[in-house]
Amino acid sequence: MLSKALFLQCVMGAVISVISFLSFTAHAIEEVNVYSYRQPFLVKPLFDKFTHQSGIKVNVVFAKKGMAERLSREGKYSPADVLLTTDISRLIELHDKDLLQKFTSSKINGAIPKQYRAQDDTWFALTTRVRNIYSAKRLGNIDFNYEDLADEKYQGRICTRSGKHPYNVALVASMIAEHGETDTLVWLEKFKNNLARKPQGSDRAQVQAIHQNLCDISLGNSYYFGKMLKDEKQKNWADAVNINFPNQKNRGAHVNISGMALAKYSPNKQNAKTLMEFLVSIPAQQLYAETNMEYPVRSDVTASTLVASWGAFKADSLSLETIAKQRKTALKLIDIAQFDL
Ligand SMILES: [Fe+2]
C-alpha cells in the first residue's frame, strides 16, 4: 500500500510530467511552412538562425517551377504560409492569380523602400540585383546606357540569353516605361541586329563567350559576377570582363528583386509574420546578401565586401509595379522583333 504522502507525490509527479509534455507539444507544433524558389544553400542558414531565435520550426518545399499551379491546386487547404521567389514577374503572377493576401507590418514597411514593395501590401522585396552590362576588358572603360545595345558600332559583338527570359523581359518592360512602345521596338530590332549569335544559355554563358572572344558585350545579373569570381572554373571568364552599371548619368541601372509574400490561405499567419519580419531584420539581411551576393533591400545594411568592391551605383527609381505593368507588351515586342530567332 502506498502511503498518502507517497501517493500525492506520485500524482504531483504525473501532473508535472503532463504539463511538461503539453508545453513541449505546444512548443513543437509552432511552425511555419515555406514554398521557395530560392535554393536550399541560400535560405537554410537564415531559417536555422530564425528557428534558433524564435523556436518556430520552418518546413520548406523547394521548387524550380510550378509554385502558382501548386497553390491553385491546393486552394484553401494549402499548407503554404510564406512564399519566397526571385524576379518581379513571378511575384506578379502569384498576385494576379489571387494566391496572395495583404499583410501589413510597420517593421517591414519601414525597412523596404516603396518602389520595392506592392502598393497593396501583397509582396515585398528582400534583396535587389542589377541587370548589368558586362564588357570585355579589352574594350577599356565605357559609360554604357542600355540604349547603346542598339548602337551599330556594336554590330555582331553582343551576346545574350533568350529575350524571353524573365530577367530580359523586365529590362525591356523598363525600356517601354521609359521610352514608350514604338521606340522600344526600334531599340529591340537594332539590338537584335547587333547579336553575335542566336540568344542562348545563361547569363554566365555570355561572359564565357566574351572570354572566348565570341563577343564583346553581354547582359547579366550582378550576383553572377561574384559567383563566377568564386568558382574555380569560371573565374577566368569573370576576369575577362568589366561589370558596368548602365545609365549612371541619367535614370540609373535597372534593378530586379528577390521577394516574399504571404500565401492567401496561410494556416500559421502569426508565425509567418514573425518569419517575414525576421527576413528584413538587419542580421538576416546581412546574411542573405553575404550568401548570394545580392544587394540588401535595406539601405542601412551594406553589401558584402566583394559586391561593394564593384562600386556604388544609381538605381532606376521607377517602381517595380510600373515595370511589371509593361511585361505583356514587352513579351509582344520581343516576339515582333523576332529577338530569339
Ligand atoms: Fe539568376
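This is a predicted model: local features need pLDDT of at least 70, side-chain atom pairs count only at pLDDT 80 or more; totals for chains, interfaces and linings use all residues.
**Entry 1: a cysteine to start with**

I began with cysteine 215, which counts as buried at 3% relative accessibility. What does cysteine 215 pair with? I found that cysteine 159 and cysteine 215 form a disulfide, with their sulfur atoms 2.0 Å apart. I then looked up where the two ends sit, and the pair links distant parts of the chain. Cysteine 159 is in strand 5 (residues 158-159), while cysteine 215 is in the loop between helix 8 (203-211) and strand 6 (217-221).

Is the disulfide left-handed or right-handed? I looked up the torsion about the S-S bond and got about -110°, so the disulfide is left-handed. I checked for others, but the structure holds one disulfide.

**Entry 2: the iron ion**

Next I went to the metal. Which residues coordinate the iron ion? I wrote down Tyr167, Tyr223 and Tyr224, each through its OH atom, at 2.0 to 2.2 Å. Along the chain, the donors follow the spacing Y-x55-Y-Y.

Tyrosine 223 has a relative accessible area of 3% and is buried. Tyrosine 224 comes out at 14%, and the cut-off for buried is under 20%, so tyrosine 224 counts as buried as well.

**Entry 3: strands 4 and 7**

I turned to two strands that pair up. Strand 4 (residues 123-136) and strand 7 run in the antiparallel sense, paired over four bridges. For one of the residues, I looked up the partner: tyrosine 134 has isoleucine 243, in strand 7, as its bridge partner.

Which way do the residues of strand 7 (residues 241-244) point? I saw that Val241 and Ile243 point one way, and Asn242 and Asn244 point the other way. All of them are buried.

I picked asparagine 132, which has its place in strand 4. Its relative accessible area is 0%, so asparagine 132 is buried. What does asparagine 132 touch, leaving aside neighbours within four places in sequence? My list has Ser218, Leu219, Gly220, Asn221, Ser222, Ile243, Asn244, Phe245 and Pro246. I also looked up one distance: asparagine 132 and phenylalanine 225 are 93 residues apart along the chain, and their C-alpha atoms are separated by 9.6 Å.

Then I moved along to serine 135, which lies in strand 4. Serine 135 is buried, again with a relative accessible area of 0%. Not counting residues up to four places away in sequence, serine 135 touches Phe144, Asp216, Ile217, Ala240, Val241, Asn242 and Asn244. For another distance, I took serine 135 and valine 307, which are 172 residues apart in sequence. From C-alpha to C-alpha, I got 18 Å for that pair.

**Entry 4: helix 15**

Which of its residues are buried? I noted Thr329, Ala330, Leu333 and Ile334. Looking down the axis of helix 15, I found the buried residues within an arc of 140°, so they line one face of the helix. I checked what they pack against, and that is helix 6 (166-179) and helix 7 (181-193). Just after helix 15, I came to glutamine 338, which takes a positive phi of about 50°.

**Entry 5: the whole chain**

Last, I zoomed out. The secondary structure of the protein chain comes to 15 helices and nine strands. I looked up the extent of the C-alpha trace, which spans about 100 × 40 × 35 Å along its principal axes. Of the 341 residues, 51% count as buried.

How is the chain divided into domains? I wrote down domain 1 as 32-128 + 255-307, and domain 2 as 130-254 + 315-336. Taken over C-alpha atoms, the centres of domain 1 and domain 2 are separated by 27 Å. I looked up the contacts between them too: 19 residues of domain 1 are in contact with 22 residues of domain 2.

One more number went into the notebook. Among contacts in the protein chain between residues at least 6 apart in sequence, 79% join residues at least 24 apart.

Note on methods: Residues are numbered from 1 along each chain as its sequence is written. Side-chain values use heavy atoms; hydrogens and water are left out. Buried means under 20% relative accessible area, exposed over 50%, partly exposed in between (1.4 Å probe, protein chains only). The arc is that of the directions from the helix axis to the C-beta atoms. Contact means heavy atoms within 4.5 Å. Donors are N, O and S atoms within 2.8 Å of the metal (3.2 Å for Na, K and Ca); water is not among the atoms, so sites may look incomplete. A disulfide is a pair of cysteine sulfur atoms within 2.5 Å. Two strands pair if DSSP finds at least two bridges between them. Domain bounds come from an automatic or database domain assignment.
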